[in-house]
Amino acid sequence: MIRVIKPTTIPRHLAQVGQQEKLLNQNSYDADAQAYLTGKIVFLIKKALYGSPTIKKVLRKAQHGKCCYCEKEQIDEAGAVEHYRPKGGYKLLRTERSSTKPGYYWLAYEWSNLYFICCRCNTVKSSLFPLVDETTRAKSHHNNIAAEAPYILDPGGTMDPRVHIRFDKNLIQGVTEFGKKTIEICKLNRPELNDKRQELLNIIDIHLGEIYVNDNPTDAKFLRSQRFLIQCQQPTAPFSAVAIDYLRNFSDYLLQRGIPVS
């Protein structure tokens, strides 16, 4: 998981129509707050608006085609538009049978609350959104979300995921409680991700071997491996966080060979 940097310019339709829908929902809540709190009335959140092809395309491009949580490249998957703070209701534990209503309805069309996510992470994260202190929970648009300290890391928030999550080879580790909770909630240690990360490390090892045995820095094979070891650390590369943490084990030598480690 790496920090997501989205364009500051909000897609026009989301900024215009999304804000109109936000005001309508806020007014509806104020008209009968109790009905929404009990779940008697639920908000109609328009997926065609927040999850439109245009919105998904902008988010996907900003995230280099990668899932905001697992960093898996989404070449062969459609992916989805994710709400960091769940729009329709939230759960503290996966074992809860139903979500607490009404959720963060006023953030359903907020640019800061939207990300591009793989289908698997979207499914396992679902409406889970525990806080460090539940008494700070913003339960309506009249409350301040800045008072919250969510356990799950915000991909584009102020807390850099790289401070809280690290890798030991292909295995993900939470350095802090926030990192541990994010891994648990999104199941970032699932076997298929571990296998994909190991595949990358196997390729990295091949290129490391070429660098170690080749004494000619102008040789085509050396240059190809040099380029790969630099490129695999870039934000555009799938599982770049894994590559960086692994290559740090060889950072002094690689730097001598013209390969900086992020």
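**View 1. Tyr69 and the residues around it.** In this predicted model, Tyr69 has quite a list of contacts once its neighbours within four places in sequence are set aside: Met1, Glu82, Tyr84, Ile117, Cys121, Lys125, Ile152, Leu153, Pro155, Cys186 and Leu188. Two of these names, Glu82 and Lys125, come back in the next view.

**View 2. The Lys125–Glu82 salt bridge.** Here the closest N and O atoms of Lys125 and Glu82 are 2.8 Å apart. The pair ties together distant parts of the chain, with Lys125 in helix α5 (residues 119-125) and Glu82 in strand β1, 43 residues apart. Buried or exposed, what is Lys125? With a relative accessible area of 0%, Lys125 is buried. Glu82 counts as buried too, because its relative accessibility is 2% and the cut-off for buried is under 20%.

**View 3. The largest nonpolar core.** Tyr69 shows up again, this time alongside Cys121, Leu188, Ile204 and Leu229, as the residues that touch the most other members of this 63-residue core. Helix α8 (residues 191-213) is the top contributor, giving six residues. Domain 1 (12-146) and domain 2 (191-257) each supply at least three residues to the core.

**View 4. Where domain 1 meets domain 2.** The C-alpha centres of the two domains are 37 Å apart, and the contact takes seven residues from domain 1 and 10 residues from domain 2. About 690 Å² is buried between them, with carbon and sulfur atoms giving 57% of that area. On the polar side, there are six residue pairs in polar contact between the domains, and one salt bridge is found across the interface.

**View 5. Lys22 and its partner Glu110.** Lys22 sits in helix α1 (residues 12-31) and touches Trp106, Tyr109 and Glu110, leaving out residues up to four places away in sequence. Which of its contacts is a salt-bridge partner of Lys22? That would be Glu110, with the closest N and O atoms 3.0 Å apart.

View 6. The side chains of Asp245 and Arg248 pair up at 3.4 Å, N to O. Asp245 is buried at 9% relative accessible area, whereas Arg248 counts as partly exposed at 37%. Salt bridges with shared partners join Arg162, Arg166, Asp245 and Arg248 into one network. For context, the structure holds 11 salt bridges.

Terms used
Residues numbered from 1 in each chain as written. Predicted model: local features only at pLDDT ≥ 70, side-chain atom pairs only at ≥ 80, totals over all residues. Heavy atoms only, no water. Core = buried A, V, L, I, M, F, W, Y, C linked by side-chain atoms within 4.5 Å. Buried < 20%, exposed > 50% of the residue type's maximum accessible area, 1.4 Å probe, protein only. Helix = DSSP H or I, 4+ residues; strand = E, 2+ residues; numbered from the N terminus. Domains from an automatic or database assignment. Contact = heavy atoms within 4.5 Å. Buried area = accessible area lost by both parts, 1.4 Å probe. Salt bridge = Lys/Arg side-chain N within 4 Å of Asp/Glu carboxyl O. Polar contact = N/O pair within 3.5 Å; in protein donor to acceptor, adjacent residues only side chain to side chain.
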